Amino acid sequence: MEKLTERQKNILQIIKKLTAENGYAPTVREIGKEAHSNSPATIHTHLTKLEKKGYIEKGKKNRTLKLLVPNEFLNKKNSLVEVPYIKMDLVKDVIKELDIPKEYFKISLNMTDDKTDIFVLKVNNQDLRSIGICDNDLLIIEKVDKIVDGNIVAALAPDGKVLIKKFFRKDGFMHLESDNAKPIIVKNIIILGRVLSLYKHF
C-alpha cells in the first residue's frame, strides 16, 4: 500500500476517530472542521488521494466513506446507552411505545451529546433524500419542548402516522415540509422531537 504524506495521515486519523466516536462516517465539512480547514475542495483532494492509495472508498453521498484499513480507535472502550427503539412502519401507538418501550437500541454516549431524553426511530416511506435521510436509516431523536425553524422533526399526524419533516413557522401556522410532497400546514401538531443525527444503512 502506497505511503501517505503527513497531511494525508492526519486526515485518515480524523476519519477513523470520528467514525469510532459517532458510529458512522463523517462528512467533508466535519472532516474539515476537525482538520482546521475551511476548504471543502482541499478535503476532497485529500480523500481522492486516500482512495487512490487504497485506504478508503468514497461514496456519492454524505457519510458514505468506507475505511479499507483497520480502525484502532474502535478498540478503545466506548460507553453505550440503551434508548427506546421505534419502527415507524410497525408501531400503532408511538406515544405509548415511547413511555413503555418494547425494544431498545444501544448507541454511543458520544452520540447523545450529554442529552438524556433520546430515542431511535427507523425511517420508512419518507421524502428527505436531498438531505441524506433514506428508508431504513436510524434517526437519533431528542425530545424537546422548543423547535426552531429549519429543524428536522419527528411529528405525529392526527391519523397516528409518524412524519419526518423540515419544520418552519409562517403566519401563525406550522409548516412541515419535505422533498416531493405538499407542505403540511397546521395550527398545532404533536412534535415528538428533533433529529440529532443518523445511522446510515447501505
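## A tour from the helices to the strands

Begin by selecting helix 1 (residues 6-22) and helix 3 (residues 40-52), which in this predicted model pack at an angle of about 90° with their axes 10 Å apart. Because angles of 65 to 115 degrees count as roughly perpendicular, helix 1 is described as roughly perpendicular to helix 3. To see the contact itself, show the side chains of Arg7, Gln8, Ile11, Leu12 and Ile15 on helix 1, and then those of Ile43, His46, Leu47, Lys49 and Leu50 on helix 3.

Next, turn to the largest nonpolar core, which has 19 residues, and colour Leu121, Ile133, Leu139, Val162, Ile164 and Leu192, the members that touch the most other members. Helix 4 (94-99), strand 5 (118-122), strand 6 (138-142), strand 7 (152-156), strand 8 and strand 11 (190-199) each supply at least two residues of this core. Apart from this core lies another, of 17 residues, and Ile14, Ile31, Ile43 and Val69 are among them.

Return to leucine 121 and display its surroundings: leaving out residues up to four places away in sequence, leucine 121 touches Ile86, Met88, Asp137, Leu138, Leu139, Ile141, Ala154, Val162 and Ile164.

Now select strand 8 (residues 162-170) together with strand 9, which run antiparallel and are joined by five bridges.

On to strand 10 (residues 184-186), which pairs with strand 9 in the antiparallel sense over three bridges; here methionine 174 stands opposite valine 186 of strand 10. The hairpin that joins strand 9 to strand 10 passes through six residues.

Finish at lysine 165, which is found in strand 8. Is lysine 165 buried or exposed? Its relative accessibility is 7%, and because buried means under 20%, lysine 165 counts as buried. Show the side chains of lysine 165 and serine 178, which are joined by a polar contact of 3.0 Å. Not counting residues up to four places away in sequence, lysine 165 also touches several other residues, including Leu128, Asn151, Ile152, Val153, Leu176, Glu177, Ala181 and Ile184.

Terms used
Residues numbered from 1 in each chain as written. Predicted model: local features only at pLDDT ≥ 70, side-chain atom pairs only at ≥ 80, totals over all residues. Heavy atoms only, no water. Pairing = 2+ DSSP bridges. Helix = DSSP H or I, 4+ residues; strand = E, 2+ residues; numbered from the N terminus. Buried < 20%, exposed > 50% of the residue type's maximum accessible area, 1.4 Å probe, protein only. Polar contact = N/O pair within 3.5 Å; in protein donor to acceptor, adjacent residues only side chain to side chain. Contact = heavy atoms within 4.5 Å. Core = buried A, V, L, I, M, F, W, Y, C linked by side-chain atoms within 4.5 Å. Axes fitted to C-alpha atoms, helices over the stretch in contact; angles between N-to-C directions. Parallel < 35°, antiparallel > 145°, perpendicular 65-115°, else oblique.
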